[in-house]
Amino acid sequence: MNERKIKIGIFGLNRGMANAKAIKLCGGDIIAVCDKNDERRRAFKERIEPKCTVFDDFDSLIKCGIEAVYIANYFPEHAPYAIKALEKGIHVISECTSNG
């Protein structure tokens, strides 16, 4: 049986980096990440996935070919980003219950 991995993006690396290994163990292929902090983006590539593409804006992340996005940004901001992704047909995994 040929299992295809799901192309996943992570939005918010402060908390998202902590769950990246679990995402990979569950069959996710992390192809892109997004965070405003340059040091977090660099650390992710060094520690977790050197081949992933890094972005500093969400719109670029959801245009890069991901099939699902793991949203781990600031808690009260989850809902508008989840809605944007869902409108593009991208599955959403919310790191915590959305509020908005």
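These legends walk through a few close-up views of the predicted model shown above.

In this predicted model, local features need pLDDT of at least 70 and side-chain atom pairs count only at pLDDT 80 or more, while totals for chains, interfaces and linings use all residues. Residues are numbered from 1 along each chain as its sequence is written, and side-chain values use heavy atoms, with hydrogens and water left out.

View 1

**View 2. Where β4 joins β5.** Strand β4 (residues 68-71) runs parallel to β5, and four bridges join the two. Look for Ala 68, which stands opposite His 91 in β5.

**View 3. Helices α1 and α2 side by side.** Helix α1 (residues 13-25) packs with helix α2 (residues 38-47) at an angle of about 10°, and their axes are 10 Å apart. (Axes are lines fitted to C-alpha atoms, for helices over the stretch in contact, and angles run from 0 to 180 degrees between N-to-C directions.) The two helices are therefore roughly parallel, a label for angles under 35 degrees. Leu 13, Asn 14, Met 17 and Ala 20 in α1 meet Arg 40, Arg 41, Ala 43, Phe 44 and Arg 47 in α2, where contact means heavy atoms within 4.5 Å.

**View 4. Ile 30 and the largest nonpolar core.** This core has 15 residues, and Ile 10, Ile 30, Val 33 and Phe 44 have the most contacts inside it. (A nonpolar core is a set of buried Ala, Val, Leu, Ile, Met, Phe, Trp, Tyr and Cys residues joined through side-chain atoms within 4.5 Å; buried means under 20% relative accessible area, exposed over 50%, with a 1.4 Å probe and protein chains only.) Its largest share, four residues, comes from α1. Leaving aside neighbours within four places in sequence, the contacts of Ile 30 include Ile 8, Ile 23 and Cys 52.

**View 5. Leu 86 on helix α4.** Leu 86 lies in helix α4 (residues 78-87). Leu 86 is exposed, with a relative accessible area of 51%.

How values were computed:
Parallel < 35°, antiparallel > 145°, perpendicular 65-115°, else oblique. Pairing = 2+ DSSP bridges.
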